Amino acid sequence: MGQTSPWRALFGLLAPHRVRAGVISAVLTVAGVLPLLGPLLIGRFIDDADAGATSAELLFIAGLYVAVGLGRQLMSVAVAWSAADLAWTVTNELRSDLTRHVLALDLGFHRRTSPGELVSRVDGDVTALSEFIASFVVKAVSAAVTLVGIVAVVTWQDWRIGLGLGVYLAAAIGTLYVMRNQAVDEAASEQAANGRMLGEIEERLTGADDLRGNGGGSHAVATFQRASAAVLRSTLQREKQGVTLWVVSNAVFVTGGLIVLAVDAALLRRGTITLGAAYMIFQYTQILREPLGQLSDETEAVQRAAGGMSRTIELMAEESSIVNTGEATLPSGPLALHLDHVSFSYDDEDNPIPVLDDVDIDLAAGTTLGVLGRTGSGKTTLARLLLRLVEPTAGSVAFGGVDISSVPMRDLRARTGVVSQDVHLFAASIRDNLVLFDDSISDERVRVALGELELLDWVEGMPDGLDTVLGPAGSGLSAGEGQLIALTRLFLREPDLVLLDEASSRVDPVTEARVTRAVDRLVQGRTAIVIAHRLSTVERLDEILILDSGRVVEHGTQESLRTSDGSRYAALLAVGSDHEVDAALLEPAQTESETP
Amino acid sequence: MNPAVRPMWFAWRTGIFRGRIWAWCWLTWTVFYLMPLLTGWLLKLAFDELERSGSITMLLIWIGVAESFSWVLFAISVWFVIRWWVSALTLMRTNMLHAQTASGGPRAAQLPLSPSEAITRFQEDARDAVLWTDSWLDGAGIIAYGIGALVIMSTISKVAAVVVLVPLVTVTLITRFLTPRLYAARSADRKAASTVNSFLGEMFAGMLAFRLAGREEAGIARLEQHTSLRRRTAVRDTVLQQAIDGIASSTSDVVIGLTLLALVPSVRDGNLSVGDLALFVAYAVQLGRVPRYVSRIITSREQAIVSYERMGEMVATDRLDDLLDHRPVTIERRDTMLTRDPDPGRDPLNRLELSSLTAVYPSTGGGIRGIDLSIRGRSFIVVTGEVGAGKSTLLRTIAGLDELDSGSIIWNGQLIEDVAAWMVPPNAAYLPQVPRLFSESLASNIALGRDDLPLDDILALTTLDRDLAEMPLGAGTRVGARGLRLSGGQAQRVAAARSLLTTPELLLIDDVSSALDVATELELWTRLREQGRSTIIAVSHRQLAFDLADEVITLRDGRIV
C-alpha cells in the first residue's frame, strides 16, 4: 500500500485546476475580511457622532454597513457556486478514474468485493470528498481569515487586548475541539441504539405473517419499546454531552465578552481608547462565535474526508494479477488456437485440486469446436483461460501462433468475443444492452446486425422496440433471450475468435430456434468454441472435445468420433439427441458435489 | 393533500401525548428565548455607564447571573424536549408496528411495500412529523422574543422599530420563495445521485460484460453523462442552500445597517446614547433569525403533511388517526415495561366448516375458488397439489392472513367474523413454509412473550432438545439476525415449536418438506398425532404424511379435486 498522505493526494487532484482554485481562495479571503468591517463601522459611527459629524457622513457609514451586509451575501453565493462546481468537476474525474481502475482489476478482486461495496467506495467515499471541498474548505478558509483578521484589528487598536484575545482564542479552540471529540463517541452509541431499534422493526415487518398467525404482535410491540427505551437513554446521554458542550462554549464566550467590557472600562477611564473603539472591540468578541463554531462543527467532515481519501488511495493501489505489458500483434483474419500443456489450479486453500491438468488443444483457424463435460470438469476455467481472465499455472495459450500473454489486452478483447451462460443484462434499454452503452454505434448498424441474425422482428416485437427498457438484472427477458442479446452484442463487434457458453436451462422452442439460427450465422468464417449442453448444438460443429476432471479425454472431428467404437461421444449420441448432455455424461458413476 | 391529514390537529395530538412534559417544554423554552431581551437591556445600561465613565462592575455581575440562568433553563428544557421527542416518535412507531403485526381487529393493516422501504416511514417520516410539532416550540419562543424586542426598541425610537420590520418581512418572503426551489433542487439531486449509484452498480455487476467486449470506455462515457448531470444538480442544491443560509445571516447586518440609518436624526439631536445603539445591535442580531424560524415552521408543515400521508400507508386504510392514538409507551426508567397482551380464551374445536371459500389474487389469477370442507375436531388433514394450486392460500385464508373474497369459516357452528383475530393461539397457530425467526433468544422466538409456559415438552416434541444440548447457552442462545445462526432444519423446528407451544386447537402447517428430511418429518407427524389435542391441516407432498392422514385433499387450480 502506498504511503501517500490523503491531503497530498487531494492537492494532486486540485492541481490541474489550480487557477480556478486560486481565484476561489482569493475571493474567500475577501469574504472572510468582510465581517470585520461591521464593528469597525459602528465604532466609527459612535465616535463620529460624538465628534459632531454631519448627517451625511453618518448616513454614509450606515449605508456602507448595509452595502457590506448585502455584499457578503452575494459573495457567499458566488463562492458556493464556484467551489461546488470545482469540487464536483474534480471528484467526477476521480470517479471516472476509479471506475476505470476497478473495471480492470482481476476476477479475484471482484469475487472478494461486492458491487455494492464498490459503489460505496467509488461514489460514497468520493462524495464525502466533494462535500468536503465544496463546504468545509469554503467555510474553514473564510472562518480562519475572519478570526485572524479580528485579532489583527484588535491588536492594531490596542496590542494588549489583541494579545489577550489571541491567547483566549487558542484556549477556546482547544477546549471546543477536545469536547467535540468526546461528543462523537456518544453520537456513535446513540446511532447504534437507533440502528438496533430500526433493525428490530424491519425484522418484525419481515416476519409479520409469523407474528400475526401466532398472536405475536403485542410481543413485537413490547420488545420494540424496550429497544426504544435504550434509544431514549442513549439520546439523553448524548444530549448531556451536547448541553455541556453548549454551556461551556457559551460560558467561554460570555466570560470573554465580560472581561473585554471590564478592560474597556479601565482603558476608557484612562482615556487610552475612544468609546467607539471600546464598543468595536466588544462587538468583535461577539462575532467570534460564528467562525469558531464553523471551524469546530466541521472537524467531523475533515475526518470523513480523510477517511474517504485514504480508502480511495487504497483502492487505487490495488493491482490486477493479470499483467498487461505485452506488445505483440495478432495476425489478421480468423485465429488458430493452440493450448500447450496448460494446467490451472485456483490457489484457494479450500480447493487445491488442479482444475485443468496438462491440456493440449489444437484448433485450425475457422474451425468450430464443441466442448462437452460435466459440471466441474473444467469447462468454465478453460473459457476463462481463453479470455485471459486467469493465467495458466503452467503451459501457454496461443492465438494465431502468438502467446496471448504477450498481446495487449485491448487488442485481445477486440479480436475475441464471448457469450456467457448467464448473460449479464443491464437495467437499461435494449439498445444500450446491445451496444454496451456505446453511443457511437448507430441504430442503423444495430438494425443491420439484428437483421443478419434474423432477430429484427423479435426486437421490433417488443413494446418500444430498441427503446424497451429492461428491469433490474434484465428482468423481462428469459435466459434464452438474454443469449440472443449477447449474440448480437458479439456480432456487432465482429471478433475473429468466439466463445459460446450455451445456456443450460430450458429454453422455449421459439427462442431456441432463434438461438440456433443466430449461432450458425455468427460462427461463419470464425474460429469458434462452443461449450455445449445440448447434443443438437454440437452435432453441427466441426470438432468435438470431451473434458473430464480437468483432462481432455476425447478430441476429434465429428465424423471420427461418431464412428469410433467405444468413444464417449458415440455413446452419448446413442442415448438420444434430446438428452441433456450434462446428465448423460454422469455415467462413470460419480456423484461428487459440484465445486462452487 | 389527503383531507384526513390535519397538520395542526396532529401536532396538537403529538404535543399532548406527554402533556405535562410538553407544557414544561413550552414554559422553559419560551423563557429561554426571552432571556436575551434582559441581557441586551443590561448591556445597554453598561454602555450608558461607560459613556458616563461610571462603574460597570455590578452590571457585569448581573449579566453573568442572567446568562447563567439561561444556561440552566436551556439544560432543563433540553431534558424535557428529548423525553417528549422520543416518546412522540415511539408512539407513532408503536402504532405503525402494531397495525402491521396485529392479528385482526379494526386497526390491523397489511404492508404495502417492502420492509426496507417501510423503514423510512419509521425513521424519516416519523422524525419529520415530530419536527413539525417541535418547530412550534422554537417558533413560539422566537416570535415572543421578536414582539418583545420590537416593543422595547419602540420605546427608544419608534422609527427604528418600524424600519426593522422591513427587512424581516422581505427576508421571510424571499426565504419562502427560495425554500420550495431548494426542495425541488434537492430531490432532483437525490435522483441524479441515485442514477449515478445504480449505473455504477450495474457497471460493477456487469464488469465482465464490459471488459470482455472491450467497451469499458463506452461505459465510462455514459457514467460521465450521469456524473456531469449530478454535478449540475449538486451545485444548484448547494447554491440555493447557501443563498437561504446566507440571507438569514446577512439579515442581521441589513437590520443593523437600516437601524443606524433610521437612528441618524436621533443621534444628531443627541437623543440617542451608545447604550441604545448597543441594544439595537444586540436585538437586531437575534431578530435576524426570525425569518429562518418562521420559514422553518412553514416548510416543516409541508414536509409533515407528506410524512403523515406516507405513514398513513402503514396503518389501516382510512384510519390515519390511529397513528396518534395515545397507547402506552413505556420507555422511561420509572415505567413498568410493556408486556404482551393476554391470549384470548380457548374454545375447544369440535368441527370446523369452510363454506365456499374464495380468495383470488388479482395480479396472477391464482388462489382458491369455492372451497367447501367440513373438518372433524382432532383430525389430521393433509393438503397436496402442484405448485400454484392454492394450498398456501387455503391455509393463509383460514389463518386470517389473506382476505376472503367470499365464503365463511364456521367454528363449532358459529360464524367467525374477524378470522384473523380468532385464529390465534390457543385457538389456532400458523407455521409458514419459510418461517421467519427474529434476532432474540431461541426461547423468545418460540414463546413470543408467553414466558409463563414451560418449553421442555415442546422442545422434545420438535426434537430441538438434542440440538440445544450442543449449544452452550441452551434455549437462551441468540439465533442471530433472522435466525441465520441456525440451520434451515433447526429454524423450521424452532418455528414449529413456536406454533405448537400453546397446543392450539387448530394447527395450520404449510409445506415443511423443503426444510425437514424424511425422518424428521415423519417424527413430527407421529408425535403430533400422539399429542392428540390439535386439529391439523398440513400441506405436504410426502407419502408418509398421506399414510398418517385422516383425509388427503388434492387441490388443482384453486379447487378440490
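This is a predicted model: local features need pLDDT of at least 70, side-chain atom pairs count only at pLDDT 80 or more; totals for chains, interfaces and linings use all residues.
Hi everyone, thanks for coming. Let's start where the two chains meet. On chain B, 112 residues are in contact with 102 residues of chain A. Which element of chain B gives the most to that side? That would be helix 7, residues 216-269, with 29 residues. If you sort the side of chain B that touches chain A by class, you get 65 nonpolar, 27 polar and 20 charged residues.

Now, staying with chain B, let me take you to a sheet. Four strands make up this open sheet, in the order 2-1-4-5, and their pairing is antiparallel. At the edges stand strand 2 (367-376) and strand 5 (414-415) of chain B; each has a single partner strand, so one side of each is left without a neighbour in the sheet.

Let's look at the strand 5 end. Strand 4 of chain B, residues 406-411, runs antiparallel to strand 5 and is joined to it by two bridges. Here you can find B:Trp411, with B:Gln414 of strand 5 standing opposite.

And what lies across strands 1, 2 and 4 of chain B? It is helix 10 of chain B, residues 391-399, running at about 65° to strand 2.

Last stop, chain A. The domain assignment gives domain 1 as 1-146 + 298-321, domain 2 as 159-272, and domain 3 as 337-425 + 477-584. Taken over C-alpha atoms, the centres of domain 1 and domain 2 of chain A are separated by 26 Å.

That's my tour, and I'm happy to take questions!

How values were computed
Residues are numbered from 1 along each chain as its sequence is written. Chains are lettered from A and ligands numbered from 1 in the order in which they are written. Two residues are in contact if their C-beta atoms, placed from the backbone, lie within 7 Å. Ala, Val, Leu, Ile, Met, Phe, Trp, Tyr, Cys and Pro count as nonpolar, Asp, Glu, Lys and Arg as charged, and the others, Gly among them, as polar. Domain bounds come from an automatic or database domain assignment. Two strands pair if DSSP finds at least two bridges between them. Axes are lines fitted to C-alpha atoms, for helices over the stretch in contact, and angles run from 0 to 180 degrees between N-to-C directions.
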